[in-house]
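This briefing describes one protein model and looks at two of its residues in turn. Please keep the sequence and the structure in view while reading.

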Amino acid sequence: PELGGGGKAAEGRGPVEEEGQTDERLRVLAAETTSQQERLQAIAEKRKRQAEAEAKRRQLEDDRRQLQHLKSKALRERWLLEGTPSAASEGDEGLRRQMQEDEQRARLLEESIGRLQKEIEVLEGAGLPAAAAGERPAAPSPAKDQKAD
């Protein structure tokens, strides 16, 4: 008459049965630990992608500001050149060279902006499951366009 649930009933089991249960518990614990490690790794990777995307967004904004500055500078310089007499002076040549350099920098910034936008899209899309990424519409819906009209 054992009412305690322990004692002799547990002693009645053989060592092989207890060892099998211990092995099973260890396997379950190992699987849980592995699963937790995988989740932690996924979280760390997601945070890393988010940090990279944020750094690229900051760079993108800096490049856009620089590009806007160069464009307004070029507009001012063209305006100044248009107001000068037709005889080219040394100052005009320097200004023209500077304008060409600025135009080259502007082209490089535009390329950088395009590249950064693509990299940000890739980083932001990397964290999405494949099914969710395929469900996103590639273009705005016509219903939204009609509302704006």
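In this predicted model, Asp 63 is buried yet forms no salt bridge. The nearest side chain of opposite charge belongs to Arg 115, and it lies 5.6 Å away.

**Surroundings of Asp 63**
- Asp 63 is part of helix H2, which covers residues 15–82.
- Apart from neighbours within four places in sequence, Asp 63 is in contact with Leu 109, Ser 112, Ile 113 and Leu 116.

- Asp 102 belongs to helix H3, which covers residues 90–126.
- The relative accessible area of Asp 102 is 2%, and the residue therefore counts as buried, the cut-off being under 20%.
- The side chain of Asp 102 makes a polar contact of 3.3 Å with the side chain of Lys 73.
- When residues up to four places away in sequence are set aside, Asp 102 touches Leu 70, Lys 73 and Glu 77.

**The protein as a whole**
- The secondary structure consists of 5 helices and 0 strands, and the pattern along the sequence is α-α-α-α-α.
- The protein has 149 residues, of which 12% count as buried.
- Among contacts between residues at least 6 apart in sequence, 73% link residues at least 24 apart.
- The accessible surface of the protein is about 12200 Å², and carbon and sulfur atoms account for 54% of this surface.

Notes
Residues are numbered from 1 along each chain as its sequence is written. This is a predicted model: local features need pLDDT of at least 70, side-chain atom pairs count only at pLDDT 80 or more; totals for chains, interfaces and linings use all residues. Side-chain values use heavy atoms; hydrogens and water are left out. Helices (H or I, at least four residues) and strands (E, at least two) are DSSP runs, numbered from the N terminus. Buried means under 20% relative accessible area, exposed over 50%, partly exposed in between (1.4 Å probe, protein chains only). Lys and Arg count as positive and Asp and Glu as negative; His and the chain ends are not counted. A salt bridge is a side-chain nitrogen of Lys or Arg within 4 Å of a carboxyl oxygen of Asp or Glu. Contact means heavy atoms within 4.5 Å. Accessible areas come from the Shrake-Rupley method with a 1.4 Å probe; for residues, only the protein chains shown count as cover. A polar contact is a pair of N or O atoms within 3.5 Å; within protein, one must be able to donate a hydrogen and the other to accept it, and residues adjacent in sequence count only if both atoms are side-chain atoms.
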